[in-house]
Amino acid sequence: MRNTDSTGTTERTVFLLTHTGRQAAVRSAELVVQGLLHNGIGVRVPAEEAAELTLPPSVRVVEADEGVDEDCELLVVLGGDGTLLRGAELARASGVPLLGVNLGRVGFLAEAERDDLDKVVHRVVERSYEVEERMTIDVLVRNNGGVVHRDWALNEASVEKAARERMLEVVAEVDGRPVSRFGCDGVVCATPTGSTAYAFSAGGPVVWPEVEALLMVPISAHALFAKPLVTTPESVLAVEVQPETPGGVLWCDGRRSVELPAGARVEVRRGEVPVRLARLHHASFTDRLVAKFALPVAGWRGAPH
């Protein structure tokens, strides 16, 4: 149930997550707080960040894992990709939409840049935004026939070698059937959202976020056939670490990791719980792609009218 004030009207609350290690983010957070409070919107800030910010006493300081709940209208994140993925963890757990402001480099998950802070506050105040759902993946690790770990990711789950001097020997599988065995530095299993992240760096295709699919992208594979694969969202991808190879490590969104002993099996399937993103713009993903990667488009004339 949402909070109401003494007049019976619903109080609006925004949770603010900030990369306080960046001075620009600290100043941006203080400006956003001022703008929201001025317009009668309550603000919550996690305790670990509050100490680094100059905040009015009306700001509620909470534990991060307890402060994002159904009372919150939005989760506003100020930072780079790492902070946005941290925000995605809270957004998925709570169901609260995430609105990202990029203070890093690329920031594909972000909806605004630092110069847009006034616009962000205005759009939040006016409730002038739309919410879309992004597909996630659920990750299962099996060893000796039993499940030893469960996780999830918004961008990707990557099986990587643990020893720098040795390749990882794996068998890739799709829908219960083997595809290929090869030595590699790793294998990335990604969502369309993650196609512009690690999977992109590994040579995978860019997939428009409206397309529902799963990606499997080998990393530096030594094999004739080790190409990126795009499957249906109903497919189950698996990577088996071979018994005779050194163990590996599983990374989910580059934030959470678990060791993979030789013989471990990693299964990736469509996630049951999506991440909700707040959108301010109706620009096409093509335009976003061109802007984020500064792609050259000079000379384009477009279709004749």
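**Close-up legends**

**View 1. Arginine 27 is partly exposed, with a relative accessibility of 44%.** The model is a predicted one: local features need pLDDT of at least 70, side-chain atom pairs count only at pLDDT 80 or more, and totals for chains, interfaces and linings use all residues. Residues are numbered from 1 along each chain as its sequence is written, and side-chain values use heavy atoms, with hydrogens and water left out. Glutamate 30 counts as buried, because its relative accessibility is 13%. Arginine 27 and glutamate 30 make a salt bridge, with their closest N and O atoms 3.7 Å apart; the term covers a Lys or Arg side-chain nitrogen within 4 Å of an Asp or Glu carboxyl oxygen. Both residues sit in helix α1 (residues 23-38), three residues apart, or about one turn of the helix. Helices (H or I, at least four residues) and strands (E, at least two) are DSSP runs, numbered from the N terminus. By the salt-bridge rule above, the count for the structure comes to 24.

**View 2. Aspartate 138 reaches arginine 92 in a salt bridge.** Here the closest N and O atoms are 3.9 Å apart. Aspartate 138 belongs to strand β8 and arginine 92 to helix α4 (residues 81-94), so this pair ties together parts 46 residues apart in sequence. Arginine 92 counts as partly exposed, because its relative accessibility is 22%.

**View 3. Glutamate 267 and arginine 142 meet through their side chains in a salt bridge.** The N to O distance is 3.0 Å. Glutamate 267 is in strand β19 and arginine 142 in strand β8, so the link ties together parts 125 residues apart in sequence. The glutamate 267 end counts as buried, because its relative accessibility is 6%. Arginine 142, at 29%, counts as partly exposed.

**View 4. Strand β16 (residues 237-241) is mostly covered.** Four of its five residues are buried. β16 runs antiparallel to strand β11 (residues 168-174), and five bridges join the two; strands count as paired if DSSP finds at least two bridges between them. Across from alanine 238 of β16 stands glutamate 173. β16 also pairs with strand β19 (residues 265-270), again in the antiparallel sense, over four bridges. In β19, arginine 265 is the bridge partner of glutamate 240.

**View 5. The largest pocket holds about 480 Å³ of space.** Of its 26 lining residues, Glu132, Arg134, Pro209, Glu210 and Arg279 are the closest to its centre. β7 (130-134) gives the most to the lining, with four residues, while β7 and α7 each supply at least two. On a 1 Å grid over the protein atoms alone, a pocket is an open set of points with protein on both sides within 12 Å along at least five of seven lines; in a cavity, a 1.4 Å probe fits but cannot get out, and lining residues have an atom within 4 Å of a point. Points are joined across faces, edges and corners, and a volume is the space filled by probe spheres set on them.

**View 6. The largest cavity holds about 80 Å³ of space.** The structure has two cavities of 30 Å³ or more. Residues lining the largest cavity include Phe108, Arg134, Pro192, Pro209, Arg279, Phe285 and Arg288.

**View 7. Asparagine 144 has a positive phi, near 55 degrees.** Most residues other than glycine have a negative phi. Asparagine 144 sits in the loop between β8 (137-143) and β9 (146-153), and counts as exposed because its relative accessible area is 77%. Alanine 294, in the segment after α7, also has a positive phi, near 50 degrees. Alanine 294 counts as exposed, at 63% relative accessibility.

**View 8. Leu295, Val297 and Trp300 form a nonpolar surface patch.** Together they have about 360 Å² of accessible area, worked out by the Shrake-Rupley method with a 1.4 Å probe, where only the protein chains shown count as cover for residues. Patch residues have over 30% relative accessible area and no salt bridge; like charges are joined within 9 Å, and nonpolar side chains (Val, Leu, Ile, Met, Phe, Trp, Tyr) within 5 Å. Tryptophan 300 lies in the segment after α7 (285-293) and counts as exposed, at 71% relative accessibility.

Methods. Buried < 20%, exposed > 50% of the residue type's maximum accessible area, 1.4 Å probe, protein only.
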